[in-house]
Amino acid sequence: MSKRALAASLLLASLICSPVRADPIQDLQALVKQGQYSQALERADNILASKPRDAQVRFLKGVVLSELGRSAEAIAVFQKLTDDYPELPEPYNNLAVLYAQQRQYDKARNALEMAIRTHPSYATAHENLGDIYARLASQAYDKALALDSSNVAAQNKLALIREMISVSGKTGRPATPATAPQAQVAKPAPPPPIAAITPAPAKPTPVPPPAAAPAKATVPAPAAVATPSPAVKEEPKPVAKRPEPKDDTPPQAAVISKAVQSWAGAWSRKDVKAYLGHYARDFEPPKGLNRKAWEEERAQRLTKPGSIEVDLENVKVVSVNGDRATVKLRQHYRSANLSTSSNKTLNLINQDGKWVIQQERVGG
Amino acid sequence: MRHVQFALPWAFALAFLCAPLVASASGSARSSGLPDADVTIGEVIRDIEQHRTEDALKRIDALLLRHPNFRLAHLIRGDLLLARARPLSAFGASPDAPAEKLSDLREEAIARLKAYRNKPPSNYVPRYLLQMEPDQKFAVVVDTQRSRLYIYQNDNGRPRFVADYYIAHGKLGAEKTREGDKRTPVGVYHVTANLPRQKLSDFYGSGAFPINYPNEWDRQQGRNGHGIWLHGTPSDTYSRPPRASDGCVVLTNQDLDALSGYLQIGLTPVIISNTIEWLSLDDWASERAALNREIEAWRRDWESRDVDRYLAHYSRAFRNNEGDYAQWAQQKRLVAAGKSWIKVDLSKLSVFRNPGKEDMIVVTFEQDYRSNNLSNTLKKRQYWVKEGGRWKIIYEGFA
């Protein structure tokens with residue numbers, strides 16, 4: 001236990017210190033940020049020549065090697081890091097991403113389970129692990145259904161992985177709340193796990209430059225999904241219970257949050273009519289169900305015997321754009337035979353003056 | 001390790017479908033005499049019901065090491081893994097799975113789970129196995145609706161359960177009547193040959209045992225078709241869905257190998273039913289005794305040389321390869337005139353009830369016939385039906 005604490009605080013110290021010292025590591029980070037991987041690799045090797053055990057530089061080198069497509073070498077770097085610093089979750093996570101790229105899902109799964117073992121609250125690893133389980137499931141289904149997955153499906157899968165990477169990149173979720181929530185926003189954090197550092201080709205620009213990030217750190221950035229939102233501990237109270245939205249929070253945000261809380265309330269009360277009333281006319285039911293079948297399924301679920309409790313945590317209105325809004329939240333669901341916590345993304349639309357759910361996704 | 005695990009509600013739905021074989025018999029989980037695959041599937045579903053999904057996944061992984069082509073196991077593994085990523089509502093939550101394939105695997109899961117939950121009760125026997133001849137060491141009984149093949153040992157005349165296996169049958173079910181109708185015949189048959197793997201294509205897996213469809217009764221009913229076999233499974237899959245064949249009874253290769261150890265060519269009965277009727281041993285014994293009395297009465301009346309008493313055992317609808325009842329009666333009266341004595345001994349007697357709504361039994365024996373002017377030994381088969389509460393012979397011929 002003390003060992004873990006020590007390692008974490010050492011890392012934390014180096015993270016907090018780095019922005020103020022204009023040192024080679026900062027240069028290295030800048031090079032990585034700018035995508036100048038060859039120079040970054042050279043720089044990393046230079047630093048490692050004098051400080052061969054430096055965890056942060058080695059981590060960055062692993063990231064750079066991954067970006068250069070030198071997966072085997074990157075795996076070796078991260079592997080060694082997990083040997084030397086078994087208490088750090090990020091190298092496990094990145095190992096997992098590399099393994100996943102090679103479709104070695106069982107290895108990826110083991111690595112992520114290790115990451116979570118070291119840091120039970122390591123959100124990125126949790127999310128990635130969910131994705132890996134889904135990938136493993138998909139392989140199992142292919143075998144079950146004797147689908148010829150060699151051609152078409154293989155391409156789909158690769159595309160899916162890319163998607164998984166860019167999705168994580170876009171959401172830019174706080175990498176390690178346990179280790180250094182501040183640090184990531186303040187930039188000198190170990191670069192977010194590969195999932196996040198992979199350039200999102202579509203929108204390279206909206207990523208705020210490192211200098212700008214700290215300024216935004218205290219206020220949730222509403223517009224760009226790409227902006228990392230700070231995971232400050234005291235924030236995740238249900239928004240509805242908070243006094244009033246702060247200064248530059250979108251004016252609509254409070255109304256939207258309230259609509260979302262009312263949705264969870266109707267759900268908890270098992271009020272089917274009110275619950276369904278929170279969905280847009282053009283809501284797209286999951287699993288390809290039609291609206292009627294979905295409504296029946298929901299009505300059946302809601303009216304099952306036993307109580308339902310739905311608590312929302314960390315409700316964030318991440319964007320408002322005219323009559324559309326996106327909300328991210330953590331949902332704690334408890335019923336007679338199921339108890340889950342999951343991250344959800346809701347896309348809402350203002351229909352007839354009321355904010356209603358147009359799309360509901362797990363994850364994000 | 002702690003992680004989110006969503007419930008797999010389908011496990012309960014599947015388990016709910018598992019009614020016991022016999023109303024009075026309590027369904028009890030078992031492992032003896034049951035193939036590995038069924039045991040593991042049964043245990044996995046139980047684990048899921050009890051929210052021990054980690055154990056379930058370990059079991060499935062181990063099973064897949066033993067049977068890498070076991071599609072149903074892959075499907076359940078997929079669900080177990082996906083349930084860690086998102087809630088599942090249906091069995092086989094794969095988003096782009098063809099509905100037909102999923103429903104096939106679901107049917108297979110139900111069949112295997114039923115087999116795991118419902119052991120054939122030890123004090124009940126399939127009604128069909130009334131009497132096996134002493135040389136018949138084993139009998140095979142198939143239940144197409146349960147997708148199950150049971151092996152019974154001839155234990156001094158009493159059928160004793162040995163093992164049962166998952167099987168696939170005709171795509172369009174049972175009660176075959178026509179060539180190409182993709183149905184499995186229902187009736188009393190026996191294995192007629194052993195076709196080794198080397199002589200067959202991969203489609204038949206580890207071997208094949210043809211049966212004598214169409215039998216005498218089938219032919220009289222105008223049923224046709226051919227090539228009904230018990231056979232194995234192609235190498236690309238461990239097992240096939242419950243309804244998959246063109247009429248054959250299909251086992252996994254390892255189950256077929258196990259079955260082949262019990263089969264005697266030309267001798268082992270294979271009785272195929274829609275749904276096995278089970279009799280308590282007491283009921284079975286009294287049914288068997290009653291039929292033996294009927295057969296004995298027929299034999300005695302034949303020896304009595306009273307042709308009317310003898311013919312009273314025959315149905316007016318009687319028919320065999322030589323003709324109908326009138327011809328049969330005329331022939332018997334003609335022959336009887338020259339007899340001063342007749343002695344008939346029956347041996348190697350077997351009595352099997354024909355599955356189906358109609359009361360019918362299939363009697364096979366070796367007949368040692370002696371008389372003042374003719375003696376011979378013949379192997380014969382008779383079909384008896386119940387007419388107005390009495391058993392009558394409706395077919396008799398050489399077997």
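Begin in chain A and select Phe59(A) and Phe78(A): both residues are buried. The model on screen is a predicted one. The two ring centres are 5.5 Å apart and the planes meet at 65°, so this is an edge-to-face pair. Phe59(A) belongs to helix H4 (residues 55-67) of chain A and Phe78(A) to helix H5 (residues 71-84) of chain A, so the pair ties together parts that lie 19 residues apart in sequence. Over all chains, the count of aromatic pairs comes to 25.

**Along helix H5 of chain A**

Stay on H5 of chain A and select Lys80(A) and Asp84(A), which lie in this helix four residues apart, about one turn. Residues three or four places apart in an α-helix point the same way, because the helix has 3.6 residues a turn. Here Asp84(A) and Lys80(A) form a salt bridge, with 3.3 Å between the closest N and O atoms. How exposed is Asp84(A)? Its relative accessible area is 22%, so Asp84(A) is partly exposed; the cut-off for buried is under 20%. Lys80(A) is also partly exposed, with a relative accessible area of 43%.

**Across to chain B**

Next, select Glu113(A) and Arg84(B). Their side chains meet in a salt bridge, 3.9 Å from N to O. Glu113(A) sits in helix H7 (residues 105-118) of chain A, while Arg84(B) is in the loop between H4 and helix H5 (99-117) of chain B, so this pair joins two chains. Both Glu113(A) and Arg84(B) are buried. The structure holds 52 salt bridges over all chains.

**Helix H4 of chain B**

How many residues of H4(B) are buried? The helix is mostly covered, with 11 of its 12 residues buried.

Among the contacts in chain B between residues at least 6 apart in sequence, 64% join residues at least 24 apart.

**An aromatic cluster**

Select Trp298(B), Trp302(B), Tyr310(B), Tyr314(B), Phe318(B), Trp328(B), Phe365(B) and Tyr369(B) together; ring pairs link these residues into a cluster. Within this cluster, look at Tyr310(B) and Tyr314(B). What kind of pair do the rings of Tyr310(B) and Tyr314(B) make? Their centres are 5.2 Å apart and their planes are at 55°, so the pair is tilted. Tyr310(B) is buried at a relative accessible area of 3%, and Tyr314(B) is buried at 2%.

**Salt bridges in chain B**

Select Asp368(B) and Arg370(B), which form a salt bridge with their closest N and O atoms 3.9 Å apart. Asp368(B) is partly exposed, at 27% relative accessibility. Arg370(B) is partly exposed as well, at 34%. Then select Glu43(B), Arg46(B), Asp47(B), Arg52(B), Asp55(B) and Arg59(B), which are joined into one network by salt bridges that share partners.

**Last stop: Asn215(B)**

Finish at Asn215(B), in the loop between strand S9 (207-210) and helix H6 (216-220) of chain B. Is Asn215(B) buried or exposed? At a relative accessible area of 3%, Asn215(B) is buried. Leaving out residues up to four places away in sequence, Asn215(B) touches Val188(B), Tyr189(B) and Tyr383(B). Show the backbone of Val188(B): its oxygen lies 3.1 Å from a polar atom of the Asn215(B) side chain.

Technical notes:
Residues numbered from 1 in each chain as written. Chains lettered and ligands numbered in written order. Predicted model: local features only at pLDDT ≥ 70, side-chain atom pairs only at ≥ 80, totals over all residues. Heavy atoms only, no water. Buried < 20%, exposed > 50% of the residue type's maximum accessible area, 1.4 Å probe, protein only. Polar contact = N/O pair within 3.5 Å; in protein donor to acceptor, adjacent residues only side chain to side chain. Contact = heavy atoms within 4.5 Å. Phe/Tyr/Trp six-rings, centres within 6.5 Å; stacked < 30°, edge-to-face > 60°. Salt bridge = Lys/Arg side-chain N within 4 Å of Asp/Glu carboxyl O.
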